[in-house]
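Reader: I am new to this structure and would like to go through it step by step. Could we begin where the chains meet and then turn to the sheets?

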2 protein chains.
Amino acid sequence: MKLQKLIRENHLALLFQQGNFGLEKESQRVDRNGNIVTTPHPAVFGNRSYHPYIQTDFAESQLELITPPNAKLEDSFRWLSAIHEVVLRSLPEEEYIFPLSMPAGLPPEEQIQEAQFDNPEDVQYRQHLSKNYGKYKQMVSGVHYNFQLSTEFVEKAFALQTEYSELKAFQNALYMKLANNFLRYQWILLYLLAATPTVESQYFYEKSPLARGQLVRSLRSSPYGYVNSEKVVVNHDSLESYVESLEANVANGLLIAEKEFYSNVRLRGGKKARELLENGVKYAEFRLFDLNPFAPYGIELNDAKFIHYFLLGMLWLEETSGQKEVEIGKRKLYQVALEDPRTETAFRAEGEAILNQLLAMLEELSAGQESLDLVREKLAQFADPSKTLNGRLIAAIEEVGSYKALGAKLAQTYKAQAFERFYALSAFDNMELSTQALFFDLIQQGIEVEVLDENDQFLALKFGDHLEYVKNGNMTSRDQYISPLIMENKVVTKKVLAKAGFNVPKSVEFTNLEQAVAHYPLFEGKAVVIKPKSTNYGLGITIFQQAVKNREDFAKAVEIAFREDKEVMVEDYLVGTEYRFFVLGDETLAVLLRVPAKGQTVQLRANSNISTGGDSIDMTDQMHESYRQIAVGIAQAMGAKVCGVDLIIPDLTKPAEPNLSSWGVIEANFNPMMMMHIFPYQGKSRRLTKAVIKMLFPEIGN
Amino acid sequence: MKLQKLIRENHLALLFQQGNFGLEKESQRVDRNGNIVTTPHPAVFGNRSYHPYIQTDFAESQLELITPPNAKLEDSFRWLSAIHEVVLRSLPEEEYIFPLSMPAGLPPEEQIQEAQFDNPEDVQYRQHLSKNYGKYKQMVSGVHYNFQLSTEFVEKAFALQTEYSELKAFQNALYMKLANNFLRYQWILLYLLAATPTVESQYFYEKSPLARGQLVRSLRSSPYGYVNSEKVVVNHDSLESYVESLEANVANGLLIAEKEFYSNVRLRGGKKARELLENGVKYAEFRLFDLNPFAPYGIELNDAKFIHYFLLGMLWLEETSGQKEVEIGKRKLYQVALEDPRTETAFRAEGEAILNQLLAMLEELSAGQESLDLVREKLAQFADPSKTLNGRLIAAIEEVGSYKALGAKLAQTYKAQAFERFYALSAFDNMELSTQALFFDLIQQGIEVEVLDENDQFLALKFGDHLEYVKNGNMTSRDQYISPLIMENKVVTKKVLAKAGFNVPKSVEFTNLEQAVAHYPLFEGKAVVIKPKSTNYGLGITIFQQAVKNREDFAKAVEIAFREDKEVMVEDYLVGTEYRFFVLGDETLAVLLRVPAKGQTVQLRANSNISTGGDSIDMTDQMHESYRQIAVGIAQAMGAKVCGVDLIIPDLTKPAEPNLSSWGVIEANFNPMMMMHIFPYQGKSRRLTKAVIKMLFPEIGN
């Protein structure tokens, strides 16, 4: 496979660097001291039978957080951040996420519960693992890195090569080369990124095989991690031999299932390995990586980029490893794993040679200075082991006293950080807060989200086969198209509401100043509001709160209104207090009193930067039921499912009276700011985004 | 009742002049020579049991066209115009509307069919009239003028007066004064506006009571019109005596029903007169008016305004007529009706005195110069009878030869005029053509329409209790709110359609020039379209129809696109012809080939001024069914009920192939221009507005 030549001669450098990336991160729930907890997986995360983002791995305490695949690693990291924020804010107050791979504070084995899936087979499989390997080994956590080559690259490269006559065979060959070369050279990544130099002696049940004070590079990737019996041999010479030998291991009982084969690369494309032969390999999963405790989400973006370059390098190499080379790679991995992390590796020369080849490749691909710098930084770590992740980790453990104490300290720090901007989903902070709140709830409940357009606040949601689209957090398929069109036109809104029998302030419209002034006698002595027909920002509005008393004042106010619009309304002024009702379906879910803006940004709570330009006080429970019903009726008259209704009310504790002067509708809004209700300045928070989800996906239940 | 003083002292002049106005106009369907036809009421006008605008009066041939009430007379005239355009364009080719009150070309009496209502009582009542009065008298047509005082005026005036303690009693007194003074002075309006100086002798069955060549002012309002027997006496001294005496006439068999009482004023407020006592008078109907043949719709706007001033004058008068004065008025009416229209009236002095009082009133009300000019013009007609409507009519009859010939000639003219702008509803021509087409169909089918906002194309439709709102002719409650939001974002549209499995041209988005140019290798050698993400007007778009061949051309195109938007898309260019599919529900109703604009206004048909800026050719029947189904699927993927879909198609006669390069979706439009399909440049017209109505009101059927 002459991939270098093909890429070089056909300008495929850019496509070669494209692909899809997904991350899976395991970790233990612990208490503030780093002890693994024995509480059930939090119910707030919904059902593990479908949750796409928040799962459990082996144990009930062992979270598995999964990003969807993304074309950019940066986006996978945004997802990882978002999922972490959701989990950390949803955990019980006294629970944390342990940031190190090796478990600490292990409870007695009988207290460790296998993850409680609905499907009994899932539980039985874990019970089998408990028996065969002991529960403690299964508690080790790590990061899995999923990589898919650009399909466009694969198709173009196939069309240009002559070695393979079928696309699938070509694609399988690419992934086999990637997997085998990775297995051959994975020790390099281990040297650079390993972070499991030590563990509590309890982990080994009886006696630790390590000498007192002995440190290694990676217990997790050593034979003390969870590895298969040496009897399990899978042949990597071809995809066919790989599949057949894997099946043979299951058939002869060495493995209970294919998934018990703990390779650091898994080829993906079906439930069973044999499907790879039928359908072709879709992507590869790399399982080598220890949790990086200095990265709040277990892995640094730069390391993830470096891994990507490394994977490209494995494809770029002229050589293609077979079973022999894979075995060499495995032996080297074990050897490096048990080296003292404070010393140079025995294979430094090979490591440096491979990274120099990476540099050459990146230069040829015009991959940019950033990538070269990144690889050079790693290259330098062969000469100075203290610069590796292990080097930094060992120093930190020494400073704090134990790896458990370090883990507990970092776990507390990361949880506190996740609450700093409690109202936001930080990684998606250029979307509106309402959309961020909805996004948060969707991740929490396990509804698949896809950002269709970030600037436009456009999400696609999926639950099973049920697809929904949402814009701005509350614009959905449940509303009729005509409803927002009614609401965005004040005159039409009033006519529709009047027709439905609701009290709307009477108004007269004018198209020119003379006509309006000629009608002055109609308004003399009345409290009126004079306003442009279609502005929304308060411009050009004059209120005669007592009464308009002379023609000149009236004319001036009309003239000001005409500066903003070619139609002007003179409307009866209603006396009372304005409340915002949030209606969803046949229920008023929230009522807010908005104290008018004070011409400055109001800080809501000490550490937030939300501003509604005015104070907002939740009055949902205080508001008389009759008004809550009126707000629902108003929304329904306009055919709206989600609607903000502004009512003027003389006394919120007394029932609504039917006569016009006592109350009235001011406006209806099809994009009500849910954030005002979720994070009011004062009073109870109303999590409206959950109600939106319930409306869209009634099948989920509570 | 001291109304003058009350208005004067409380600045009620403006309110006094407000009110609601409705018009009802009867007329006969005739052939091109003015002969009344014996064909059934056209089925296209739907069912008379509910039709609010197009009814039949006594005979099957006798149209009754009804405007809804409007606060401005101008609006009632717009409705009258609209209803006439609908009727004239819907009549059989050889049928016309006769513009004169007295019937001409009367068929043998047995061929005249009473109007065929569903309700047998309606038919029986007409059969009773046929028996009692003869059918010919019932064929006379006229205009009824409905007037309602401003309720705000009535309420304010009531609050300020001391004579009445109940609002209802005060309101009834106002209407009684209006009715009685009208009956006292109605001869004045007759003198000025009468237009039935003659009739065919056939009308009188045996011998005409008129001398040979004798002309009168109004046969219709004379004892030769349809008047009750002299035995029928209804007492107007009070509303109570009015109701009781009317009921007595029915009880003793002089009238078969209350509605057989042919007064020139009917007080309205219930089905039976007694309800007036319970509910109060709601409005008054004035039935005096002959059709004005020189007005295409039977009455001139200026005459309607004059009538309004006259009615105000009847309220303004210090005197209030009782039964005695009503009787005087009736005798004067008969006398003036039979005067020679070429001569002065015997009551000139009284007429001039009343009109001078009208002038004084209008001055005091500051009603404006236009109203004074109008009344002065009428005042002058007392000195010169040739200036009255009759004067002009007699001259015209003489010129043409007979009133039947004049009627036939005008009928043809008016019908031709109604077709001049066949694509429009002229009176509502500042709305979009699609809305005008929908409006036309709604009037035709008898669905109540209310214009909520003319500039905003906002209509309220009502059929029974079923209310619907429509904007722009096709934005309705049937579409989901999210659908147009998807469609107005090209990137989201493509993602949604790709997700649903439709072929969309592949595209890549960029947020800056450098980034885009760096990705040039991805596009080299491909046919691509480079465009701003969200413009709709073709600005900033570059098409490399063959292939983009050098980086400089590509960079230039990207730079041009970035001038229009902060995001730019580079999209695969599809080869084929673009067609517009109009989808409604689960059906493609129309397909159009749009030849691109030629930089000039294209005249569609000789006498139209519609322009789509390009030729459009209907291809609905030619398009392969597979593509019609694809368009439906695309609309459904976006949750859209009404949708314009632009497809690129290699060959419309062959089935759609699944592979990407053969066809593709370009765009979806939530406000598809229905007019393009209704009036294509070439090919069959598709009346899509009827399909919209059927979607909204499935209960109406076809």
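Reader: How many salt bridges does the rule find across the interface of chain A and chain B?

Author: This is a predicted model, and side-chain atom pairs count in it only at pLDDT 80 or more. One of the pairs is B:Lys499 with A:Glu450, whose closest N and O atoms are 2.2 Å apart, which lies within the 4 Å that a salt bridge requires. Across the interface of chain A and chain B, the number found by the rule is 6.

Reader: Which helix of chain A gives the most residues to the side that touches chain B?

Author: Several elements of chain A each supply at least two residues to that side, including helix 2 (13-16), helix 6 (151-160), strand 8 (448-453) and helix 17 (482-487). With 5 residues, the element of chain A that gives the most is helix 18.

Reader: How many residues of the side of chain A that touches chain B are charged?

Author: In the contact between the two chains, 47 residues of chain A meet 47 residues of chain B, and about 3800 Å² is buried between them, with 60% of it on carbon and sulfur atoms. On the side of chain A that touches chain B, 23 residues are nonpolar and 9 are polar, while the number of charged residues is 15.

Reader: Why does the salt bridge of A:Glu152 with B:Lys526 join two chains?

Author: The closest N and O atoms of A:Glu152 and B:Lys526 are 3.8 Å apart, and the cut-off for a salt bridge is 4 Å. The pair joins two chains because B:Lys526 lies in the loop between helix 19 (513-518) and strand 12 of chain B, whereas A:Glu152 lies in helix 6 of chain A.

Reader: Which strands are the edge strands of the open sheet of 4 strands in chain B?

Author: The strands of this sheet follow the order 11-14-12-13, with antiparallel pairing, and neighbouring strands are turned by 15° against each other on average, direction ignored. An edge strand pairs on one side only, and here that applies to strand 11 (507-510) and strand 13 (542-544) of chain B.

Reader: What angle does helix 20 of chain B make with strand 12 of chain B?

Author: Helix 18 (residues 490-499) of chain B packs on this sheet and touches strand 11, strand 12 and strand 14 (568-572) of chain B, with its direction at about 40° to that of strand 14. Helix 20 (residues 551-562) of chain B also packs on the sheet, touching strand 11, strand 12, strand 13 and strand 14, and its direction makes with that of strand 12 an angle of about 30°.

Reader: At what angle does helix 21 of chain B run to strand 18 of chain B?

Author: Another open sheet of chain B has 5 strands in the order 17-16-15-18-19 with antiparallel pairing, and its twist averages 30° from one strand to the next. Helix 21 (residues 625-637) of chain B lies across strand 15 (577-584), strand 16, strand 18 (642-649) and strand 19 of chain B, and the angle at which this helix runs to strand 18 is about 130°.

How values were computed:
Residues are numbered from 1 along each chain as its sequence is written. Chains are lettered from A and ligands numbered from 1 in the order in which they are written. This is a predicted model: local features need pLDDT of at least 70, side-chain atom pairs count only at pLDDT 80 or more; totals for chains, interfaces and linings use all residues. Side-chain values use heavy atoms; hydrogens and water are left out. Contact means heavy atoms within 4.5 Å. Buried area is the accessible area (1.4 Å probe) that two parts lose on being put together, summed over both. A salt bridge is a side-chain nitrogen of Lys or Arg within 4 Å of a carboxyl oxygen of Asp or Glu. Ala, Val, Leu, Ile, Met, Phe, Trp, Tyr, Cys and Pro count as nonpolar, Asp, Glu, Lys and Arg as charged, and the others, Gly among them, as polar. Two strands pair if DSSP finds at least two bridges between them. Axes are lines fitted to C-alpha atoms, for helices over the stretch in contact, and angles run from 0 to 180 degrees between N-to-C directions.
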